[in-house]
Structure formats: structure tokens, C-alpha cells
Amino acid sequence: MNQSPLETALSRAMIRWSLTKSTPVAETPRSWIFRVEQNGRNVAALKILKPAAFEDERRGGALLAWYGGEGAATVFDSHGDTVFMEWLDGVPLGDAARNGRDDEATIAIATVVSQLHKPRPDAPEDLTPLRERFRSLFETDVRAWPHTARDLYARSTGIAIRLFDKPSAQIPLHGDLHHDNIISSGRGWLAIDPKGLIGDPAYEVANTFLNPLGADKLAAEPRRIAALADAFSSRLGFNRKRVLGWAAAHAALSACWDIEDGNPIFGQLAVLPQLLAAYDQA
């Protein structure tokens, strides 16, 4: 009987890395995830990339390997469309923020970013420029936004243009760092699923202002926005106004993505006015 591409990739991986058991645990729009065992005792993860997402995922996988396990899950090996990596069975950092421990979560994020941004030689060469990531923001027709929110789009786009026009350091970026992409482990909090970007270091924390998932009221709280900006400025040395600018620009970008996909943008519209106010005051 003919095997499916997934079955073929899985069977080849089992042989390549001498794996003895595989259990499917998740399917995402971009990959299949398996929990695997090596020698019947060493537990690991196997990520098999879907063809449509291969290039983006490959970039992220190369960056994850480059981190060398510092602040991120360790990649043991990869081959073609398959990544053999550390199994993380802990809880997402979002749980702490959702359960009243947001300040602790913020410190954990800053710690992870400091590890991810350590200077390392031989960075992957084909990382996506941050400006390309923002294409949807710059190309969206303002009329796609609700009438009452078009000024938010215009202001956020103006901030993004100014940020790109003002030179900054260009470093490898995880590119999708938020509370639920950081998982607890015996080695501490570790990031997963990087996008593989290159750009301004201060962009790295932008997505945290919209997160964690399911905590829209927390995200729109002005005191929380100020606390995040303060923490990232003091702990990571980022320019506070630049952090808030990227947060607002990213919130608008996120809204553009949801508009493209036909999804509501209530969360972004709750946070964006507060981010713009904080940016103006910074």
C-alpha cells in the first residue's frame, strides 16, 4: 500500500535517528508534531513540516538550531522537512500571566530575550527582513478597517515608517515571541516556533503587548503597558519609546492579518489606542 508523504517522512525519521516509538500530539497549519522515544527512554519531539509552509518553517528551524539551546528548545538534528528536537512537557508562560502572575511572566520574557539575543557567530543567512514582515500593514487599504478605527491604522503606519527610517542594529529575531510560545522546562523557560527574521532588537518584545491569549482586558490596561515598557527598557536596554512604537505598529499589523483572514480585530482595537497614548507620552 502506498504511504502518504507524512507516513514516509515519519518512517524515514524513525530509521535515521533510531527512534523506537512515535505518538502524534499536534497538527498545526504548518506542521505535524510527534512525541518520540529513542532507545525506549529518551523522549524528544519530531516536527514534520508541511510543504506549503516549508520555506518559512525551515528559516525558523535554522534560527532555533543557531540558538544552541540558549533560551530556546534545543535542535538535535534536522534533515529536509523534519526537525528532531528537545521535548518540552511544561506549561506555557501564558498560564502565569492569565493567573495573576503577569509581573513574573514579564521578567521571564526579558530573561529569554536576553539569551536569544546573545551575540553568536555564523547566523543563518536567509532570515526574513523585518520590513518584509510588515508588508501587510503597508499594503492594506485603509477602507478595510472599521470607519472609526482608520485613524488608528494611519497613526500606527506612520510610526512604523519612522521606525524603519531611523537606523537601528540588525540582529536575528525570533519574530513571534509571546507568552504561549515560551514553555517551562527543567532548564527554565524556553522559546519555541521562531519565524526567523532580522531587524531591530526592540521589535522582539512587540507581540507581548497583545498577549497572552484570552487576556484582552489585561493587555488593554494602561498600567500594564507602562510596566512592560519599563521592564523591557530597564532589563534589556531597549529605548522605551521605540518599544512602544513597535508594539503599536505590530498591533496594527496583527489587525491587518486578521482582516485579511476575515477574523474580528476586537482585541487589537482595545489595545491600540492605549499603545498609541503611551507612545505619545514616552
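Reader: In which handedness of crossing does helix 7 pass helix 10?

Author: The model is predicted, so local features need pLDDT of at least 70 and side-chain atom pairs count only at pLDDT 80 or more, while totals for chains, interfaces and linings use all residues. Residues are numbered from 1 along each chain as its sequence is written, and side-chain values use heavy atoms, leaving out hydrogens and water. Helices (H or I, at least four residues) and strands (E, at least two) are DSSP runs numbered from the N terminus. A crossing counts as left-handed if the near helix is turned anticlockwise from the far one by less than a right angle, and as right-handed if clockwise; for helix 7 and helix 10 the crossing is left-handed.

Reader: At what angle do helix 7 and helix 10 pack?

Author: Axes are lines fitted to C-alpha atoms, for helices over the stretch in contact, and angles run from 0 to 180 degrees between N-to-C directions. The axes of helix 7 (residues 150-165) and helix 10 (residues 240-260) are 9 Å apart. The two helices are therefore oblique to each other, given that under 35 degrees is roughly parallel, over 145 roughly antiparallel, 65 to 115 roughly perpendicular and the rest oblique. The packing angle is about 125°.

Reader: Which residue of strand 5 is the bridge partner of leucine 46?

Author: Strand 3 pairs with strand 5 (residues 82-86) in the antiparallel sense over five bridges. Leucine 46, in strand 3, is also the bridge partner of phenylalanine 34, and strand 2 (residues 31-38) pairs with strand 3 over eight bridges. In strand 5, the partner of leucine 46 is phenylalanine 84.

Reader: How many of the eight residues of strand 3 are buried?

Author: Buried means under 20% relative accessible area, exposed over 50%, and partly exposed in between (1.4 Å probe, protein chains only). Strand 3 (residues 42-49) is largely enclosed by the rest of the structure, because the number of its residues that are buried is six.

Methods:
Two strands pair if DSSP finds at least two bridges between them.
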